[in-house]
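Please look through the structure below before reading the numbered points that follow.

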Amino acid sequence: MEETVNIPDLSFINICNEKYGINRGVYNTIDAWFYNQGLHQIIKRRQTILLFLDYIKEKYMTDNRRCKFGHGGLTVKLEEYYFSNVS
């Protein structure tokens, strides 16, 4: 994980897309949400993003390797993860 969180932005986003099937817009929403929760250090935020995406992959992903959140679903999953694992 240490090497992954230190790579350039575009490469990090591409890894998130390849491994978890999220696009740049969803990534930006996740990144901004964690930033607004007080995770201002990029390395810590990226680690948390990867842990969140692993959580989603394990608990909710379907066979097509794409995270599908539906309208408002991303925020619900972020809150569920954050308030039970991070805060």
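**Notes on the helices and their salt bridges**

1. Helix 2, which covers residues 9–20, has 12 residues and reaches 16 Å from its first C-alpha to its last, close to the 16 Å expected at 1.5 Å a residue. The expected span of a helix is 1.5 Å times one less than its number of residues, and helices (H or I, at least four residues) and strands (E, at least two) are DSSP runs, numbered from the N terminus. This is a predicted model, in which local features need pLDDT of at least 70 and side-chain atom pairs count only at pLDDT 80 or more, while totals for chains, interfaces and linings use all residues. Residues are numbered from 1 along each chain as its sequence is written, and side-chain values use heavy atoms, with hydrogens and water left out.

2. Which residues of helix 2 are buried? They are Phe 12, Ile 13, Cys 16 and Tyr 20, where buried means under 20% relative accessible area, exposed over 50%, and partly exposed in between (1.4 Å probe, protein chains only). These residues cover an arc of only 100 degrees around the axis, which puts them on the same side of helix 2; the arc is that of the directions from the helix axis to the C-beta atoms. An α-helix has 3.6 residues a turn, so residues three or four places apart point the same way.

3. The buried residues of helix 2 pack against helix 1 (2–5), helix 3 (24–36) and helix 4, contact being defined as heavy atoms within 4.5 Å. After helix 2 comes Gly 21, whose phi is positive, near 75 degrees. Ile 22 has its place in the loop between helix 2 and helix 3, and with a relative accessible area of 2% this residue is buried.

4. Arg 46 deserves a point of its own. This residue lies in helix 4 (residues 42–59), and at 2% relative accessibility Arg 46 counts as buried. Leaving aside its neighbours within four places in sequence, Arg 46 is in contact with Thr 4, Val 5, Asn 6, Ile 7, Pro 8, Asp 9, Phe 12 and Tyr 27. A polar atom of the Arg 46 side chain lies 2.7 Å from the backbone oxygen of Ile 7.

5. How many salt bridges does the structure hold? There are 3, a salt bridge being a side-chain nitrogen of Lys or Arg within 4 Å of a carboxyl oxygen of Asp or Glu. One of them joins Asp 9 to Arg 46, with the closest N and O atoms 2.3 Å apart. Asp 9 lies in helix 2 and Arg 46 in helix 4, so the pair ties together parts that are 37 residues apart in sequence. Asp 9, at 49% relative accessibility, counts as partly exposed, whereas Arg 46 is buried.

6. Arg 45 forms a salt bridge with Asp 31, and the closest N and O atoms of this pair are 2.6 Å apart. Because Arg 45 lies in helix 4 and Asp 31 in helix 3, the pair ties together parts that are 14 residues apart in sequence. Both partners count as buried, Arg 45 at 7% relative accessibility and Asp 31 at 16%.

7. Another salt bridge is the one in which the side chains of Glu 80 and Lys 59 meet, at 3.6 Å from N to O. Glu 80 lies in helix 5 (residues 73–86) and Lys 59 in helix 4, so this pair ties together parts that are 21 residues apart in sequence. Glu 80 is partly exposed, with a relative accessible area of 28%.

8. For the chain as a whole, there are 5 helices and 0 strands, and read along the sequence the pattern is α-α-α-α-α. The radius of gyration of the chain is 12 Å, close to the 12 Å that the globule rule gives for 87 residues, so the chain is as compact as a globular protein of that length; this radius is taken over C-alpha atoms, and the globule rule is 2.2 Å times the number of residues to the power 0.38. Buried residues make up 37% of the 87 residues. Of the contacts in the chain with a separation of 6 or more, 62% are accounted for by residues 24 or more positions apart.

How values were computed:
A polar contact is a pair of N or O atoms within 3.5 Å; within protein, one must be able to donate a hydrogen and the other to accept it, and residues adjacent in sequence count only if both atoms are side-chain atoms.
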